[in-house]
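Please keep the model in view while reading.

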Amino acid sequence: MSSVNVIATIIVLLAALVCYAFVSQTLRAKREQRNRVLTALKARGRNFKFMQAGFPKDFLPRDLVLLIQRNLIEVCEQLAKLEPSNPVHLQDLQSVSAQLSETQKQTRPAGPVQLENPQQIKEVKMCLEELNRFIHQQELKAAIPKNQADAYRALMKLLVLQISVDNYSLQGRAAEQAGKTKLAIHYFDTALNLLIREGKSDHFMQKITLLRERIKILKERFAEELNTQNEAEIDSPELDENQSEWSSFDEQRSEWKKKQVYD
């Protein structure tokens with residue numbers, strides 16, 4: 001083999017190695033990029049599922065429910081394309097699509113849903129924080145127009161108010177059950193004033209009516225408790241006087257014993 005052929009062969013081999021290295025690097029970069037996209041999509045899907053499960057039925061307004069469901073469908077579609085062999089993505093897609101169809105059929109807005117315990121309140125607050133973070137990110141990416149993002153935030157502000165009122169109401173009921181009537185009045189009154197101060201009387205009219213009725217009953221009960229307490233104090237003055245006389249006698253007897261010892 002002549003030197004020209006050897007050089008040509010070496011050049012061809014080097015070119016092949018360079019091409020192989022380039023292709024290999026490109027494939028590796030694409031594989032890493034695909035894995036990053038998969039990880040991000042799965043994390044996003046988990047967040048939306050967490051929100052779906054964390055909000056009680058009919059708690060969220062229709063627009064916010066549609067926002068979550070549409071974005072979860074988008075995530076499921078992308079995952080199904082990236083991992084077509086995984087049947088879970090297609091099952092999730094079918095399930096959420098059916099839920100979206102049902103939500104779109106709803107025309108009547110749901111009324112405020114009463115949260116029943118502190119743990120539920122905690123979970124709902126976490127879900128709202130996650131939803132608010134998502135809306136903010138989408139607004140920064142221009143995926144959601146500012147006016148639409150503002151509308152979503154207005155709905156969420158109303159929900160935050162509802163959570164605060166429910167929390168005070170829960171504390172009020174706990175105080176009432178513990179026999180702390182005055183404290184119960186304080187909590188229910190705080191919840192009522194919060195609704196009135198925020199100017200949401202129309203949206204929470206039923207809740208305001210119930211709070212006023214509860215406060216009225218508790219104030220009447222508290223007045224009876226005060227009357228009972230005052231009557232008890234009036235009816236037992238002699239007992240207090242006798243107790244005072246016995247205490248004085250005990251003190252005198254103690255002094256007498258001391259004199260005997262030291263004398």
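In this predicted model, helix α2, residues 62-82, and helix α4, residues 118-140, have axes that come within 12 Å and cross at roughly 70 degrees. Angles from 65 to 115 degrees count as roughly perpendicular, and α2 and α4 are therefore roughly perpendicular to each other. On the α2 side the contact is made by Leu64, Leu67, Ile68 and Asn71; on the α4 side Leu131, Phe134, Ile135 and Gln138 take part. Sorted by class, this contact of α2 with α4 has six nonpolar and two polar residues, and no charged ones.

Helix α2 also packs against α5. The axes of these two helices come within 10 Å and cross at roughly 115 degrees, and α2 passes α5 in a left-handed crossing. Here Asp63, Leu64 and Leu67 of α2 meet Tyr152, Leu155, Met156 and Leu159 of α5. The residues of this contact divide into six nonpolar, no polar and one charged.

What angle do α5 and α6 make where they pack? Helix α5 spans residues 146-177 and helix α6 residues 181-197; they pack at about 165 degrees, with their axes 7 Å apart. An angle over 145 degrees counts as roughly antiparallel, and α5 and α6 are therefore roughly antiparallel to each other. The crossing of α5 past α6 is left-handed.

The residues that α5 brings to this contact are Leu161, Ser164, Val165, Tyr168, Ser169, Gln171, Gly172, Arg173, Ala175 and Glu176. They meet Leu183, Ala184, Tyr187, Phe188, Thr190, Ala191, Leu194 and Leu195 of α6. By class, the contact of α5 with α6 has eleven nonpolar, five polar and two charged residues.

Which element gives the most to the lining of the second largest pocket? That is α7, with five residues. By class, the lining of this pocket has six nonpolar, four polar and four charged residues.

Technical notes. Residues are numbered from 1 along each chain as its sequence is written. This is a predicted model: local features need pLDDT of at least 70, side-chain atom pairs count only at pLDDT 80 or more; totals for chains, interfaces and linings use all residues. Side-chain values use heavy atoms; hydrogens and water are left out. Axes are lines fitted to C-alpha atoms, for helices over the stretch in contact, and angles run from 0 to 180 degrees between N-to-C directions. Helices (H or I, at least four residues) and strands (E, at least two) are DSSP runs, numbered from the N terminus. Angles under 35 degrees count as roughly parallel, over 145 as roughly antiparallel, 65 to 115 as roughly perpendicular and the rest as oblique. A crossing is left-handed if the near helix is turned anticlockwise from the far one by less than a right angle, and right-handed if clockwise. Contact means heavy atoms within 4.5 Å. Ala, Val, Leu, Ile, Met, Phe, Trp, Tyr, Cys and Pro count as nonpolar, Asp, Glu, Lys and Arg as charged, and the others, Gly among them, as polar.
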